[in-house]
Amino acid sequence: GNSVTQMEGPVTLSEEAFLTINCTYTATGYPSLFWYVQYPGEGLQLLLKATKADDKGSNKGFEATYRKETTSFHLEKGSVQVSDSAVYFCALQGGSSASKIIFGSGTRLSIRP
Amino acid sequence: GAGVSQSPRYKVAKRGQDVALRCDPISGHVSLFWYQQALGQGPEFLTYFQNEAQLDKSGLPSDRFFAERPEGSVSTLKIQRTQQEDSAVYLCASSVDTRGEQFFGPGTRLTVL
């Protein structure tokens, strides 16, 4: 079945560092790919999405490109801030998974001032 | 409020008790989803409704779990004879339609002693 594998955390970076969180997926069909974020004490929020191969999703300085050839959707940000500290989830929807979202296990990111 | 709401936010149950968790979706959203998030893990799909019809309940872990949405709006997830392994955060999400963006509620944290 469909699945998502993402980089294990925790990840600790200094402010203004470059961020990459790796995500790969296994899927039949043509799923949409997502990054969700869970800030401390808050609910799950959609950060960005891409619906087809080579699409780039972007939001709040974060980017991820849907790579079908490598089945990847890595999350990147050029210069992280303390306020980016959160748990990040890679996820997919669609293809053989139909409507349900399949999530990775999450990566906890901590940014030092 | 304009978002998805869930109640109670926290629930402590003794092993063997029955619990009922409520979800109020965004008004007008046709699709409603339940997910279970164990500590340190990503959310896992439980079940999904389109209006009042439960179209997929493949993620319910046992016959002790039951969900309903009788009028196509509010939904209740019921867990009978709770076990310690049921301890988790239960998330509800709603979307305009089957493939639309899912908006998540804050979750109900269930602790079974």
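Biologist: In S11(B), which residue is the bridge partner of B:Val89?

Modeller: This is a predicted model. S9(B) and S11(B) run antiparallel and are joined by 3 bridges. In S11(B), B:Val89 has as its bridge partner B:Arg109.

Biologist: Which residue of S10(B) is the bridge partner of B:Ser94?

Modeller: Strand S10 of chain B covers residues 103–104. Its pairing with S9(B) is antiparallel, with 2 bridges. There, B:Ser94 is bridged to B:Phe103.

Biologist: And B:Leu32, which residue of S9(B) is its bridge partner?

Modeller: Look at strand S4 of chain B, residues 31–37. S4 and S9(B) run antiparallel and are joined by 7 bridges. The partner of B:Leu32 in S9(B) is B:Ser94.

Biologist: How many residues of S9(B) are buried?

Modeller: Take the two sides in turn. B:Ala88, B:Tyr90, B:Cys92 and B:Ser94 point one way, and all are buried. B:Val89, B:Leu91, B:Ala93 and B:Ser95 point the other way and are buried too. S9(B) is therefore largely enclosed by the rest of the structure, the buried count being 8 of the 8 residues.

Biologist: Which elements give two or more residues to the lining of the largest pocket?

Modeller: The largest pocket has a volume of about 700 Å³. Among its 28 lining residues, the closest to its centre are A:Gln38, A:Arg108, B:Gln37, B:Val89 and B:Arg109. Both chains supply such elements: S10 (86–93) of chain A, and S9 (88–95) and S11 (108–112) of chain B.

Biologist: By class, how many charged residues are in that lining?

Modeller: The lining of the largest pocket has 13 nonpolar residues. Another 11 are polar. The charged residues number 4.

Biologist: Now the open sheet in chain A. Which are its edge strands?

Modeller: 4 strands form this sheet, in the order S3-S9-S8-S7, with antiparallel pairing. Neighbouring strands are turned by 15 degrees against each other on average, direction ignored. Two strands pair on one side only: S3 (19–21) and S7 (56–59) of chain A.

Note on methods. Residues are numbered from 1 along each chain as its sequence is written. Chains are lettered from A and ligands numbered from 1 in the order in which they are written. This is a predicted model: local features need pLDDT of at least 70, side-chain atom pairs count only at pLDDT 80 or more; totals for chains, interfaces and linings use all residues. Side-chain values use heavy atoms; hydrogens and water are left out. Two strands pair if DSSP finds at least two bridges between them. Axes are lines fitted to C-alpha atoms, for helices over the stretch in contact, and angles run from 0 to 180 degrees between N-to-C directions. On a 1 Å grid over the protein atoms alone, a cavity is a set of points where a 1.4 Å probe fits but cannot get out, and a pocket is an open set with protein on both sides within 12 Å along at least five of seven lines; lining residues have an atom within 4 Å of a point. Grid points are joined across faces, edges and corners, and a volume is the space filled by probe spheres set on the points. Ala, Val, Leu, Ile, Met, Phe, Trp, Tyr, Cys and Pro count as nonpolar, Asp, Glu, Lys and Arg as charged, and the others, Gly among them, as polar. Buried means under 20% relative accessible area, exposed over 50%, partly exposed in between (1.4 Å probe, protein chains only).
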